[in-house]
Amino acid sequence: QVQLVESGGGLVQAGGSLRLSCAASLRTAVMVAMSWFRQGPGKEREFVAITHWSGGSTYYADSVKGRFTVSRDNAKNTVHLQMNSLKPEDTAVYYCAADSTSHGTSTRSWGQGTQVTVSS
């Protein structure tokens with residue numbers, strides 16, 4: 001089972017920046033991709049970004065494209081989400097997810113979530 005530990009949330013003014021991190025402990029599993037989701041107040045969880053371990057392709061939701069950047073450290077199974085030009089509508093609990101395989105079984109694991117609050 002993959003365990004994820006997130007860090008880096010907080011309170012920031014509109015236009016500011018925050019950097020989230022997510023570290024994965026895989027044991028025998030192989031990482032396929034790591035992604036970020038968020039859930040704002042009264043909203044459903046939505047996709048933010050994904051980065052694939054093999055090949056390195058990264059995709060972003062239109063709402064964050066050009067403002068958020070995903071980077072990763074493959075050796076440490078860690079992914080970061082650099083969030084710039086933050087807007088009040090970015091306020092949400094941000095969740096890290098890891099897609100991995102082990103003995104032919106694919107699994108998506110979730111982090112505990114970290115709160116990001118953007119004040120206007």
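Two strands pair if DSSP finds at least two bridges between them. The views below show a predicted model.

**View 1. An open sheet of four strands, in antiparallel pairing**. The strand order is β1-β3-β8-β7. Because β1 (3-7) and β7 each have a single partner strand, they form the edges, and one side of each lacks a neighbour in the sheet.

**View 2. The antiparallel pair formed by β1 and β3**. Five bridges join β1 and β3. Gln3 lies opposite Ser25, a residue of β3.

**View 3. The largest nonpolar core, with 29 residues**. The members that touch the most others are Met34, Trp36, Leu81, Met83 and Tyr94. Two or more residues of this core come from each of β3 (18-25), β4 (30-39), β5 (46-52), β7 (68-73), β8 (78-83), β9 (92-102) and β11 (114-119).

**View 4. The contacts of Met83**. With neighbours within four places in sequence set aside, Met83 contacts Gly16, Ser17, Leu18, Leu20, Arg67, Phe68, Tyr94 and Val116.

**View 5. Thr51 in strand β5**. Thr51 counts as buried because its relative accessible area is 1%, below the 20% limit. The side chains of Thr51 and Arg72 make a polar contact at 3.0 Å. When residues up to four places away in sequence are not counted, Thr51 touches Ala33, Met34, Gly56, Ser57, Thr58, Val70, Arg72 and Val79.

Definitions and conventions. Residues numbered from 1 in each chain as written. Predicted model: local features only at pLDDT ≥ 70, side-chain atom pairs only at ≥ 80, totals over all residues. Heavy atoms only, no water. Core = buried A, V, L, I, M, F, W, Y, C linked by side-chain atoms within 4.5 Å. Buried < 20%, exposed > 50% of the residue type's maximum accessible area, 1.4 Å probe, protein only. Contact = heavy atoms within 4.5 Å. Polar contact = N/O pair within 3.5 Å; in protein donor to acceptor, adjacent residues only side chain to side chain.
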